[in-house]
Amino acid sequence: MKIDVLTLFPEMFSMLSDYGVIGKAIDKQVLDFSVHNIRDYSLDKHKSVDDTVYGGAAGMLMKPQPIVSAINDVKTKSSKVIYLSPQGSILTQEKAIYLAKEEHLVLLCGHYEGIDSRVTNNYIDEEISIGDYVLTGGELPAMVLIDTVVRWVKGVLGNEESAPSDSHCDGLLQYDEFTKPRNFEGYEVPEVLLNG
Ligand code: 21W
(Lines give C-alpha, C1' and ligand atoms only; values in the text may rest on other atoms or scores of the structure.)
Protein backbone atom coordinates (compact mmCIF):
# COMPACT_ATOMS: atom_id res chain seq x y z
CA MET A 1 0.00 0.00 0.00
CA LYS A 2 1.11 3.53 -0.74
CA ILE A 3 0.15 6.49 1.47
CA ASP A 4 0.94 10.15 0.75
CA VAL A 5 0.13 12.74 3.42
CA LEU A 6 -0.38 16.42 2.54
CA THR A 7 0.09 18.68 5.57
CA LEU A 8 1.45 22.01 6.84
CA PHE A 9 3.19 20.12 9.70
CA PRO A 10 5.15 17.25 8.12
CA GLU A 11 7.40 16.83 11.21
CA MET A 12 4.42 15.52 13.20
CA PHE A 13 4.45 12.33 11.12
CA SER A 14 7.96 11.28 12.15
CA MET A 15 6.44 9.65 15.23
CA LEU A 16 4.57 7.27 12.90
CA SER A 17 7.47 6.39 10.63
CA ASP A 18 10.10 6.18 13.40
CA TYR A 19 8.33 3.80 15.80
CA GLY A 20 6.32 0.64 16.13
CA VAL A 21 4.22 -1.31 13.67
CA ILE A 22 4.06 1.44 11.03
CA GLY A 23 7.82 2.03 11.10
CA LYS A 24 8.41 -1.70 10.65
CA ALA A 25 5.89 -1.85 7.77
CA ILE A 26 7.90 0.88 6.03
CA ASP A 27 11.19 -0.98 6.69
CA LYS A 28 9.66 -4.20 5.29
CA GLN A 29 8.48 -2.21 2.24
CA VAL A 30 4.90 -3.35 2.80
CA LEU A 31 4.05 0.33 3.19
CA ASP A 32 5.36 3.10 0.93
CA PHE A 33 4.90 6.22 3.06
CA SER A 34 5.61 9.86 2.11
CA VAL A 35 4.76 13.19 3.72
CA HIS A 36 4.57 16.43 1.71
CA ASN A 37 4.54 19.99 3.00
CA ILE A 38 1.64 21.87 1.36
CA ARG A 39 3.60 25.13 1.82
CA ASP A 40 6.22 23.87 -0.66
CA TYR A 41 3.52 23.98 -3.36
CA SER A 42 2.53 27.62 -2.79
CA LEU A 43 3.24 29.73 -5.87
CA ASP A 44 2.73 32.89 -3.82
CA LYS A 45 5.86 35.02 -3.31
CA HIS A 46 5.52 34.66 0.49
CA LYS A 47 4.66 30.93 0.24
CA SER A 48 1.33 31.72 1.91
CA VAL A 49 -1.19 28.90 2.35
CA ASP A 50 -4.22 30.62 3.92
CA ASP A 51 -6.46 33.62 3.40
CA THR A 52 -9.50 35.39 4.85
CA VAL A 53 -13.03 34.03 4.33
CA TYR A 54 -15.44 35.58 1.76
CA GLY A 55 -18.64 36.84 3.37
CA GLY A 56 -16.97 38.28 6.44
CA ALA A 57 -16.68 35.17 8.64
CA ALA A 58 -13.89 35.24 11.21
CA GLY A 59 -10.68 33.26 10.81
CA MET A 60 -8.67 31.95 7.90
CA LEU A 61 -9.14 29.17 5.37
CA MET A 62 -6.49 27.20 3.52
CA LYS A 63 -6.47 28.50 -0.04
CA PRO A 64 -7.02 26.15 -2.95
CA GLN A 65 -3.86 26.58 -5.09
CA PRO A 66 -1.21 24.94 -2.85
CA ILE A 67 -3.55 22.07 -1.91
CA VAL A 68 -4.64 21.32 -5.48
CA SER A 69 -1.04 21.52 -6.75
CA ALA A 70 -0.01 19.06 -4.03
CA ILE A 71 -2.90 16.66 -4.85
CA ASN A 72 -2.08 16.79 -8.58
CA ASP A 73 1.59 16.10 -7.83
CA VAL A 74 0.95 12.87 -5.90
CA LYS A 75 -2.27 11.40 -7.29
CA THR A 76 -2.60 8.75 -10.01
CA LYS A 77 -5.63 7.01 -11.58
CA SER A 78 -5.73 4.51 -8.73
CA SER A 79 -5.58 7.03 -5.84
CA LYS A 80 -8.29 7.65 -3.28
CA VAL A 81 -8.05 11.24 -2.00
CA ILE A 82 -9.31 11.59 1.58
CA TYR A 83 -9.77 14.87 3.45
CA LEU A 84 -9.66 14.53 7.24
CA SER A 85 -12.50 16.81 8.25
CA PRO A 86 -14.71 17.38 11.31
CA GLN A 87 -17.65 17.26 8.83
CA GLY A 88 -16.66 13.85 7.46
CA SER A 89 -18.26 10.46 8.07
CA ILE A 90 -16.90 8.82 11.20
CA LEU A 91 -14.08 6.30 10.89
CA THR A 92 -15.11 2.77 11.89
CA GLN A 93 -13.36 -0.62 11.91
CA GLU A 94 -15.42 -1.62 8.86
CA LYS A 95 -14.24 1.51 7.02
CA ALA A 96 -10.61 0.80 7.98
CA ILE A 97 -10.80 -2.74 6.54
CA TYR A 98 -12.27 -1.39 3.31
CA LEU A 99 -9.59 1.34 3.01
CA ALA A 100 -6.84 -1.27 3.56
CA LYS A 101 -7.83 -2.77 0.17
CA GLU A 102 -6.98 0.48 -1.64
CA GLU A 103 -3.76 0.70 -3.64
CA HIS A 104 -2.99 4.35 -2.84
CA LEU A 105 -4.37 6.74 -0.23
CA VAL A 106 -3.75 10.49 -0.38
CA LEU A 107 -4.54 12.03 3.02
CA LEU A 108 -5.16 15.78 3.17
CA CYS A 109 -4.83 17.43 6.60
CA GLY A 110 -6.57 20.75 7.13
CA HIS A 111 -5.71 23.56 9.53
CA TYR A 112 -7.06 26.99 10.52
CA GLU A 113 -10.87 26.95 10.06
CA GLY A 114 -10.68 24.40 7.25
CA ILE A 115 -10.20 24.55 3.48
CA ASP A 116 -11.85 26.32 0.54
CA SER A 117 -15.02 24.39 -0.42
CA ARG A 118 -14.02 24.27 -4.09
CA VAL A 119 -11.31 21.80 -2.99
CA THR A 120 -13.69 19.57 -1.02
CA ASN A 121 -16.33 19.73 -3.75
CA ASN A 122 -14.08 18.93 -6.71
CA TYR A 123 -10.82 17.26 -5.70
CA ILE A 124 -11.73 15.00 -2.76
CA ASP A 125 -13.14 11.45 -2.98
CA GLU A 126 -14.07 11.09 0.65
CA GLU A 127 -14.25 13.13 3.90
CA ILE A 128 -13.50 11.30 7.13
CA SER A 129 -13.75 12.42 10.78
CA ILE A 130 -12.39 10.41 13.72
CA GLY A 131 -15.16 11.40 16.13
CA ASP A 132 -17.40 14.12 17.47
CA TYR A 133 -14.94 16.41 19.23
CA VAL A 134 -12.99 19.41 17.94
CA LEU A 135 -9.24 19.19 17.29
CA THR A 136 -6.88 21.85 15.92
CA GLY A 137 -6.11 20.10 12.65
CA GLY A 138 -6.26 16.93 10.59
CA GLU A 139 -2.78 15.58 11.45
CA LEU A 140 -3.70 13.48 14.50
CA PRO A 141 -6.79 12.12 12.68
CA ALA A 142 -4.60 11.17 9.68
CA MET A 143 -2.25 9.29 12.03
CA VAL A 144 -5.19 7.50 13.65
CA LEU A 145 -6.49 6.51 10.21
CA ILE A 146 -3.06 5.28 9.08
CA ASP A 147 -2.57 3.28 12.29
CA THR A 148 -5.89 1.48 12.01
CA VAL A 149 -5.82 0.95 8.21
CA VAL A 150 -2.23 -0.26 7.93
CA ARG A 151 -2.66 -3.08 10.46
CA TRP A 152 -5.16 -4.62 8.01
CA VAL A 153 -2.63 -4.63 5.17
CA LYS A 154 -1.22 -8.09 4.45
CA GLY A 155 2.29 -8.58 5.85
CA VAL A 156 2.12 -5.72 8.36
CA LEU A 157 1.43 -7.67 11.53
CA GLY A 158 3.97 -10.36 12.50
CA ASN A 159 2.04 -13.29 11.01
CA GLU A 160 1.51 -13.44 7.23
CA GLU A 161 -2.25 -13.00 7.33
CA SER A 162 -3.73 -9.59 8.17
CA ALA A 163 -5.42 -8.84 11.49
CA PRO A 164 -7.90 -11.63 12.33
CA SER A 165 -11.45 -10.87 11.21
CA ASP A 166 -12.81 -11.15 14.73
CA SER A 167 -10.29 -8.68 16.17
CA HIS A 168 -13.09 -6.15 15.94
CA CYS A 169 -14.24 -7.73 19.20
CA ASP A 170 -10.88 -8.96 20.55
CA GLY A 171 -9.88 -5.79 22.31
CA LEU A 172 -13.39 -5.27 23.57
CA LEU A 173 -14.05 -8.68 25.11
CA GLN A 174 -15.27 -8.46 28.64
CA TYR A 175 -12.81 -10.62 30.53
CA ASP A 176 -9.84 -9.57 32.65
CA GLU A 177 -6.30 -10.51 31.65
CA PHE A 178 -3.23 -10.95 33.84
CA THR A 179 0.52 -11.45 33.53
CA LYS A 180 3.22 -12.17 36.11
CA PRO A 181 3.65 -11.82 39.01
CA ARG A 182 0.95 -14.03 40.46
CA ASN A 183 0.70 -11.71 43.47
CA PHE A 184 1.18 -7.98 42.86
CA GLU A 185 1.12 -5.94 46.09
CA GLY A 186 -1.46 -8.34 47.53
CA TYR A 187 -3.63 -8.44 44.39
CA GLU A 188 -3.90 -12.06 43.19
CA VAL A 189 -4.41 -13.50 39.71
CA PRO A 190 -7.72 -15.48 39.83
CA GLU A 191 -7.12 -19.16 40.78
CA VAL A 192 -8.88 -20.55 37.65
CA LEU A 193 -6.31 -18.91 35.34
CA LEU A 194 -3.20 -20.32 37.09
CA ASN A 195 -3.14 -23.72 35.36
CA GLY A 196 -3.52 -24.14 31.61
C1 21W B 1 -11.87 22.18 13.56
C2 21W B 1 -11.20 22.43 11.29
C3 21W B 1 -12.98 22.99 13.32
C4 21W B 1 -12.34 23.24 11.04
C5 21W B 1 -15.07 28.51 8.99
C6 21W B 1 -15.23 28.83 10.33
C7 21W B 1 -10.07 16.54 10.93
C8 21W B 1 -11.12 16.71 12.98
C9 21W B 1 -10.35 17.39 11.97
C10 21W B 1 -10.97 21.92 12.54
C11 21W B 1 -13.22 23.54 12.07
C12 21W B 1 -11.36 15.36 12.63
C13 21W B 1 -15.64 26.73 10.05
C14 21W B 1 -12.55 14.91 14.56
C15 21W B 1 -11.66 17.14 14.22
C16 21W B 1 -9.88 18.79 11.90
C17 21W B 1 -9.77 21.06 12.80
C18 21W B 1 -14.41 24.43 11.87
C19 21W B 1 -16.00 25.33 10.35
N20 21W B 1 -15.35 27.20 8.87
N21 21W B 1 -12.07 14.46 13.40
N22 21W B 1 -15.58 27.69 10.94
N23 21W B 1 -12.36 16.21 14.95
N24 21W B 1 -10.14 19.67 12.88
N25 21W B 1 -14.85 24.53 10.53
O26 21W B 1 -11.54 18.28 14.65
O27 21W B 1 -9.27 19.21 10.93
S28 21W B 1 -10.69 15.00 11.11
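**Figure 1. Buried residues of helix 3 and their cover.** In this predicted model, helix 3 spans residues 64–74 and has P66, I67, V68, A70, I71 and V74 as its buried residues, where buried denotes under 20% relative accessible area with a 1.4 Å probe and protein chains only. Helices (H or I, at least four residues) and strands (E, at least two) are DSSP runs numbered from the N terminus. The cover over these buried residues includes strands 1, 2 (32–37), 4, 5 and 6 together with helix 5. Residue numbers start from 1 along each chain as its sequence is written, and side-chain values use heavy atoms, without hydrogens and water. Because the model is predicted, local features need pLDDT of at least 70 and side-chain atom pairs count only at pLDDT 80 or more, while totals for chains, interfaces and linings use all residues.

**Figure 2. The largest nonpolar core.** A nonpolar core is a set of buried Ala, Val, Leu, Ile, Met, Phe, Trp, Tyr and Cys residues joined through side-chain atoms within 4.5 Å. The largest one has 30 residues, and I3, F13, L105, L107, L145 and I146 have the most contacts inside it. Two or more residues each come from strand 1 (2–7), helix 2 (20–27), strand 5, helix 4 (93–99), strand 6 (104–109) and helix 6 (139–150). Helix 6 gives the most to this core, with 6 residues. Another core, of 18 residues, lies apart from this one and has Y41, A70, Y83 and I124 among its members.

**Figure 3. Surroundings of I146.** Leaving aside neighbours within four places in sequence, I146 is in contact (heavy atoms within 4.5 Å) with I3, V5, F13, L16, I22, F33 and L107.

**Figure 4. The largest pocket.** A pocket is an open set of points on a 1 Å grid over the protein atoms alone where a 1.4 Å probe fits, with protein on both sides within 12 Å along at least five of seven lines; lining residues have an atom within 4 Å of a point. The volume, the space filled by probe spheres set on the points, is about 420 Å³ for the largest pocket. Of its 25 lining residues, Y83, L84, S85, P86 and Q87 lie nearest the centre. Strand 5 (79–90), helix 5 (117–123) and strand 7 (126–129) each supply at least two lining residues, and strand 5 gives the most, with 5.

**Figure 5. The second largest pocket.** This pocket has a volume of about 170 Å³. Its lining consists of D51, T52, V53, Y54, L61, M62, K63, P64, D116 and R118. Strand 3 (50–52) and strand 4 (60–62) each supply at least two of the lining residues.

Methods: Buried means under 20% relative accessible area, exposed over 50%, partly exposed in between (1.4 Å probe, protein chains only).
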